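Dear colleague,

Please find below the structure that I am handing over to you. My notes on the ligand and its surroundings follow it.

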Amino acid sequence: MQELFEHLIWEVEGNIALLTINRPEVLNALNADVLKELDLWSTKIRSELEQSNNPIRCIILQGSGAKAFVAGADIKEFKGKVKIEAQSISSRGQRIFKQIEQLPVPTVALIEGYALGGGAELAIACDFRLAAPNAIIGFPEVKLGLIPGFGGTVRLPQLIGYAKAMEWMTTAKTVSAYQGIDVGIFNAILDNENEDILDQAKKWIAPLCSMAPLAVKSIIFAMKSQQSLYTPELFEKEVELFAKLFETYDFEEGVNAFIEKRKPEFQNK
Ligand code: CO8
């Protein structure tokens, strides 16, 4: 499968598989090419995992380098985009993250450094999140005149509660590994400085990999059926509101300010 990808690294070692998003020069930001590859990967891996002789019991998703898991959607690609394009990127991203969420083996986001915006949305579409001590997670879209567009407004309140999710998203609050564990967004902090972070993650998931695979799969299906709580309308609403903001001055200003490395001056229009 690796030969199909330019920005993803896919490795299988025994019963653990590792997917690395590999654009470290832009903190692994999700551009159209990465999304296309994630789409292809999640479709192909799903059909492989459905074969009974497939050895994979758990998939770790990580970013390349210690500075970021994923720093969000690629903001530079937003420039010049109009509502209808935003609609299509948001729906497509939502569909891909749903595919990842519905994989039949547990997925673990291993977060070193930044998991922001679309990166945080990818992390919360996984079943578990493990944090390095330098992990920072948050939803800063509002600083760009935007909202989360890959399912964040739907999944975050389910995970950390309505009030905290509202606070995080409306104030662009980012939290550290230690703050994140208190609200339950992280399952564990991997803070043994004498051991490689990936080795620590593998140790953390080892008990899970030794359980009866069909039972684990059934727990996943049972728990994920609760996600019918996420009615399609909630996702559609997010797409609509996300895309509408592409018609505003403040979105243009937010994106320009990021690119020009300055503070945005919003005008409420
Ligand atoms: N998109 C594009 N490029 C990025 C991104 C990004 N999200 N994040 C970082 N980069 C680039 C920087 O522009 C910089 O490139 P260059 O060297 O060419 O200037 C390089 O990565 C290194 O970044 P910094 O120099 O900024 O590194 P710092 O250590 O100073 O700062 C931060 C790190 C704090 C992470 C900072 O880079 C930052 O704030 N990044 C943006 C974070 C953000 O706002 N993310 C949310 C994006 S919006 C989103 O994800 C919406 C999801 C729904 C999308 C729906 C699709 C239409």
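Where does the ligand sit? The ligand sits in the largest pocket. A pocket here is an open set of points on a 1 Å grid over the protein atoms alone, where a 1.4 Å probe fits, with protein on both sides within 12 Å along at least five of seven lines; a molecule sits in a pocket if more than half of its atoms lie within 2 Å of its grid points.

This is a predicted model, in which local features need pLDDT of at least 70, side-chain atom pairs count only at pLDDT 80 or more, and totals for chains, interfaces and linings use all residues. Residues are numbered from 1 along each chain as its sequence is written, and side-chain values use heavy atoms, with hydrogens and water left out.

The ligand is surrounded by 26 residues (a heavy atom within 4 Å), the closest being Lys67, Ala73, Lys76, Gly118 and Lys261. By class, this shell holds 15 nonpolar, four polar and seven charged residues (Ala, Val, Leu, Ile, Met, Phe, Trp, Tyr, Cys and Pro count as nonpolar, Asp, Glu, Lys and Arg as charged, the others as polar).

The protein covers 76% of the 1100 Å² of accessible area that the ligand has on its own (Shrake-Rupley method, 1.4 Å probe).

Yours sincerely

Definitions and conventions: 1 Å grid on protein atoms, 1.4 Å probe; cavity = no way out; pocket = protein on both sides within 12 Å on 5 of 7 lines; lining within 4 Å.
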